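Here are some friendly notes to read with the model open beside you. They go through it point by point, starting with a question.

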Amino acid sequence: MTPERERRGAQLVAKYPNAQSALIPFLQACQEEDGYVSGDAIRDAAELTGITPAEVESIASFYSLLFKEPVGKHVIQVCRTLSCMLRGADELRDHARMRLGLANGETSADGRFTYEEVECLAACDRAPCLQHNLEFHYDVTPEDFDRQLERWRAEEPAVTMPAE
Ligand code: FES
């Protein structure tokens with residue numbers, strides 16, 4: 001673990017009643033630094049929290065905003081679960097793929113956009129929905145997607161990933 005990462009980890013652990021509670025904030029901090037959760041980050045997190053790297057990886061896999069590979073500045077996640085499927089997620093998915101020129105899980109060559117299809121985003125009453133970094137978009141039509149895409153193309157991410 002680098003001295004800086006060790007210092008950051010100690011700060012986070014000090015905030016919680018036990019070291020394991022610092023796991024996700026620590027991984028977020030690593031992702032903020034590296035652009036994704038690297039193998040080194042997994043090992044560092046295991047060392048910090050006293051659990052195994054396999055356990056860290058397993059826990060991290062539940063979090064759709066922790067990435068195992070480098071991602072674009074704009075991460076667009078379209079829900080593909082039942083409520084959204086019943087309300088047009090198929091059309092939204094096809095439209096998003098076409099407009100971005102990306103398949104599920106791909107990042108654009110310029111490193112700006114990553115497109116993913118994800119499980120329920122817990123906004124089923126406003127289906128179909130998508131998440132852009134930490135920002136939710138509800139009742140999304142293809143036309144809404146186009147408007148948002150123009151905005152995202154014109155600016156840096158509206159919402160940055162938190163370090164803690
Ligand atoms: S099914 Fe899409 S948010 Fe729940």
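Which helices do the buried residues of α1 pack against? They pack against α2 (23–34) and α3 (39–49).

1. Ground rules. This is a predicted model, in which local features need pLDDT of at least 70 and side-chain atom pairs count only at pLDDT 80 or more, while totals for chains, interfaces and linings use all residues. Residues are numbered from 1 along each chain as its sequence is written.

2. Overall layout. The protein has 7 helices and 4 strands; helices (H or I, at least four residues) and strands (E, at least two) are DSSP runs, numbered from the N terminus. Along the sequence their order is α-α-α-α-β-α-α-β-β-β-α. The C-alpha atoms fill a box of roughly 45 × 30 × 25 Å, taken along the principal axes. Of the 164 residues, 28% are buried. Here a residue is buried if 20 or more other C-beta atoms lie within 10 Å of its own, exposed if 12 or fewer, and partly exposed in between, with C-beta atoms placed from the backbone.

3. Helix α1. The 12 residues of α1 (residues 3–14) should span 16 Å at 1.5 Å a residue, and the end C-alpha atoms are 16 Å apart, which agrees; the expected span is 1.5 Å times one less than the number of residues. The buried residues of α1 are Arg 5, Arg 8, Gly 9 and Leu 12. They cover an arc of only 100 degrees around the axis, so they sit on the same side of α1. That arc is taken from the directions from the helix axis to the C-beta atoms. On the other side of α1, Pro 3, Arg 7, Ala 10 and Ala 14 are exposed.

4. Helix α6. The buried residues of α6 are Ala 89, Leu 92, Arg 93, Ala 96 and Leu 100. Because their arc around the axis is only 100 degrees, they lie on the same side of α6. Asp 94 and Met 98 are exposed on the other side of α6. The cover over the buried residues includes β1 (74–79), α5 (82–86), β2 (113–118) and α7.

5. How α6 meets α7. The axes of α6 (residues 89–100) and α7 (residues 142–154) come within 9 Å and cross at roughly 35 degrees. Axes are lines fitted to C-alpha atoms, for helices over the stretch in contact, and angles run from 0 to 180 degrees between N-to-C directions. On the α6 side, Glu 91, Leu 92, His 95, Ala 96 and Arg 99 meet Pro 142, Phe 145, Asp 146 and Leu 149 of α7; two residues are in contact if their C-beta atoms, placed from the backbone, lie within 7 Å.

6. Loops worth a look. The peptide bond from Ala 127 to Pro 128 is cis, with omega near -5 degrees, and Pro 128 lies in the loop between β2 and β3. Asp 125 is also found in the loop between β2 and β3 (130–132), and counts as exposed because it has 9 C-beta neighbours inside 10 Å. Asp 139 lies in the loop between β4 and α7 and has a positive phi of about 50 degrees although it is not a glycine.
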